[in-house]
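Biologist: Hello! Could you walk me through a structure, one question at a time?

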Amino acid sequence: MTAQHSVTLNVNGTAHDCEVEARMTLADCLREKLDLTGTHLGCEHGVCGACTVIVDGAAVRSCLMFAVQAQGVQITTVEGLADGDTLSDLQQAFHDNFALQCGFCTPGFLTTAESVLAENPSPTRAEVQSAISGNICRCTGYVPIIDAILDTAKRRREGGQ
Amino acid sequence: MSASTPYIGRSVKRLEDRRFLTGTGRYIDDIKLPDMAVMAIYRSPHAHARINAIDLTAAKAVPGVIDAFCAADIDMDLPEIPLRLAPFDGFERFLQRPIADDKVRYVGEPVAVVIASDRYIAEDALDLIEVDFAPLPAVTQVDQAAAGDTLVHEDAGENMATRYTVGRGDADDAFRRAAYTRRERFTTNRHGAVPMETRGLIAEFNPDTPLLRLHGATKVNFFNRRHLAAAFDLPEAAVELIETDVGGGFGARGELYPEDYLVPIASRRIGRPVKWIEDRRENLTATNHSRDIVCDLEIATTDEGRILGMRATVQGDMGAYIRTNGGVVASKAAQFLPGPYRVPAFSCDVQFLVTNKTPVGTFRGPGRFEANFCRERMLDMVAADLNIDPAELRLRNLMEPADLPYRIGELVPGDVNATFDRGNYPSALNQLLDEVGYADWKDRQGTIIDGRAYGLGIACFIESSAAGPPETARITVAADGAIEIRTGASSVGQGTETGMAQICADYLSVDIDRIGVLHGSTTLVPTGGGTFHSRNTVMAGNAVRMAAETLQARSIELAALRWNTDASGLEYRDGAVHQNDAAASVLSLVELAAFAQSRGTDEALAADAAFDNEGKLSYSYGAHAALVAIDVATGVVEVEKYVLTEEIGRALNPAMVQGQAIGGLVQGLGGTFLDHMVYDEDGQLLTGSFADYLLPTSTDLPDITAIALEESPSEFNPMGFKGAGEGGIVAVAAAVGNAVTHALNAHNIQINDLPITPDRLRAALRAVGA
Ligand code: FES
Ligand code: FES
């Protein structure tokens, strides 16, 4: 088939060497080659946000990026958010606020929220709503997701982070 | 029952969250089996066409392609996808087979299958399949279908899959006597469940064993197993349906679809496991659509607005085939048209019309969403015509507690016993009116502030839950103290595991952390009813309760044996059996489990139960209010505030109930403003991606208050539960439609058609010079 390319992906602090076709998306590479199946595919055309990962600090739709473009960048996926067995504060806030039902959209919301909070540690409710407006959740009606993100921001500020 | 009830009624955190939060859930596409191949489906690009020839040669030649096949290559009789619900006479002429042979009837119908080593290659090969189609005219509207100039299924001789009339009382007489009558046509837009995870399946077919194992099943696994076994001529025991984590169901996922047959056929052909994952474009044409009802509704009242009768014609656009959900959508739309009101006379002509569109199935609140929209819009028109306040008109007509229970009559053929159980409908409305400050609103309807017109709309609903076959549960205590619940119910993401564990923990008086819940798969329990119609908490919940009660009795039996004493002096409490002897002896569940095990391999501390509500349904009911602000210049509607009340009998987990209400409500806003499967006159779906098919996002949210009422516990199960999954969605279009009409009352614009879009509103405003 099509020519294979070598690429080294730095994912959650670990380097992985992969052989991929030029057309393989980063999402498919994470899921199929690295077995990091926490990154989900809801549309594969850049609208739903389920596939969001953090690339050098920015939220990126891994269905719209090729694996070969990821050479040399730092990628964080949902699998990289918890500290061992301890949920991150954001994950814990999602749990505490009932911010997930089926959980399919959750990885994309978590990664999006992390990059939002890194950029703006004190978002207003409206800013959170707008920041996650590119992620679709069919179950929760968004309200508890917004609450969870605002809770996390507040706790981080209070924690002096 | 246990002494204390520390879990039921509390917002216990969900047991299933951790795996979803850490990316370690196991959804169907996360599963990889050794030697697994991947299949992709060539789907019809035409709405209606004859197939002259299919050429798979080029596709098969692609390196990495293992096999390709079409109907002609399949060496078994192609089964018909069965009717599971509302199987009315006449439908048998319109059933679908898994793959088209001589003719295609909707865009997206399977025509050929490619199996390859990976999905990229499979999709490359799809592009090389050549099909010679002879296009036919497409039937895309119910009126066109009824005219019958083009037949979707020639052998049936008509496009009317079935038609019947239901009613109660003498409707024609009511209309003759009425001081006031009105007639309107309402349409609800075709849209669908659109869960975030598309459908997917993995089949492992081993003809030698024989074994068909299908991963990715959900919802009604035992029904599906029975039919798959028959289709593949296997004993039921040789078919295993395995449930994985599921990214949302909402009615559409887990029904039998063409792919439930095609993936096993593919696996059988190549002797390897085969995976199929639907992409989003496929999902929007291949997974059941819903709604799509045209309703001509007439109402007759006294001059004080007391309803004397209703007459209606309900036309359901069924799409190209009748699938598993049969006539649910239109039949329920008809049944729920009179709603929670005293409507002494009612008559409804119900028509099921076949068109060249994706087949229809259920979506959360099937038929109810549609019926509430039509009726509640009509009531507001009556109120305006008779100059009665809309809330007052409703209070005049709502059934009172003294009217209940009420046998509604045979409003679905064969459903002769349907009975609204006890409740207090006016109370649910009055609490809504208080919460939303209705009294202050009467004079503010239509107020314009800064170019935005304000309106408040209300709507009432009633909604059945928990129908269908019995549900099963088995509870086992392991010698290490772990407690396992197995149930035939499925989880589609709504928190089933948590809810079942709460009930079990209370009825066994144990810590919830000890409890694990396994559900759905046919390998876990001998039989099960499944998950639909808001039934898990009621059906599976009561099965778990009964199993726990039986397990208490079993514990006492074992303790009596162990102590060599009479069981009558023993008592189960706090997770152990107690003896009122001098030593106050205690045997914990752990000790009893170990004791049971020591007695022999067949012994266990376990109990089975099945709960059957014998068709006695509990009805959830309530009311919705929407406050909208409309930008008159652009036609953009903002829902500023939304309040709903919903009587659910008893809340198992208030936070999860709230999640159902808010999630349902936001889906309902989508169905009211956004979600729309738009077809052109050739039957092409114009909204085949998320760029065109719009879903609600986080910026579309009103300020929401969802109040779960627990004033009227169900009489039909000892825990008092009623379904809580659909009350959030069923009256959204109704309340919003009324709010928009009130906001624009200066222009006398009536909302009769969904969705409500800026361009439609602007067109209506332009037409009146606004
Ligand atoms: S899967 Fe990437 S945005 Fe939807
Ligand atoms: S929790 Fe199901 S899609 Fe968000």
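Predicted model: local features only at pLDDT ≥ 70, side-chain atom pairs only at ≥ 80, totals over all residues.

Biologist: In the open sheet of four strands in chain B, which are the edge strands?

Modeller: Let's start with the order, which is β22-β21-β20-β26 in chain B, with mixed pairing. An edge strand pairs on one side only. In chain B, the edge strands are β22 (515-519) and β26 (605-611).

Biologist: How many bridges join β21(B) to β22(B)?

Modeller: Strand β21 of chain B covers residues 483-487, and it runs parallel to β22(B). Looking along this pairing, B:Arg486 stands opposite B:Leu518 in β22(B). The number of bridges joining β21(B) to β22(B) is five.

Biologist: Helix α15 of chain B lies across some strands; at what angle does α15 run to β26(B)?

Modeller: Helix α15 of chain B spans residues 589-598 and lies across β20, β21 and β26 of chain B. Another helix, α13 (residues 496-508) of chain B, lies across β20, β21 and β22 of chain B. For α15 and β26(B), the angle is about 100 degrees.

Biologist: How is the aromatic pair of B:Tyr106 and B:Tyr321 arranged?

Modeller: A pair of aromatic rings is described by the distance of the centres and the angle of the planes. Here B:Tyr106 and B:Tyr321 are 6.0 Å apart centre to centre, with 80 degrees between the planes. Planes over 60 degrees apart count as edge-to-face, so the pair of B:Tyr106 and B:Tyr321 is edge-to-face.

Biologist: How many residues apart in sequence are the parts that this pair ties together?

Modeller: B:Tyr106 lies in the loop between β4 (103-104) and β5 (110-116) of chain B. B:Tyr321 lies in the loop between β14 (307-319) and α9 (328-335) of chain B. The pair therefore ties together parts whose separation in sequence is 215 residues.

Key. Residues numbered from 1 in each chain as written. Chains lettered and ligands numbered in written order. Heavy atoms only, no water. Pairing = 2+ DSSP bridges. Helix = DSSP H or I, 4+ residues; strand = E, 2+ residues; numbered from the N terminus. Contact = heavy atoms within 4.5 Å. Axes fitted to C-alpha atoms, helices over the stretch in contact; angles between N-to-C directions. Phe/Tyr/Trp six-rings, centres within 6.5 Å; stacked < 30°, edge-to-face > 60°.
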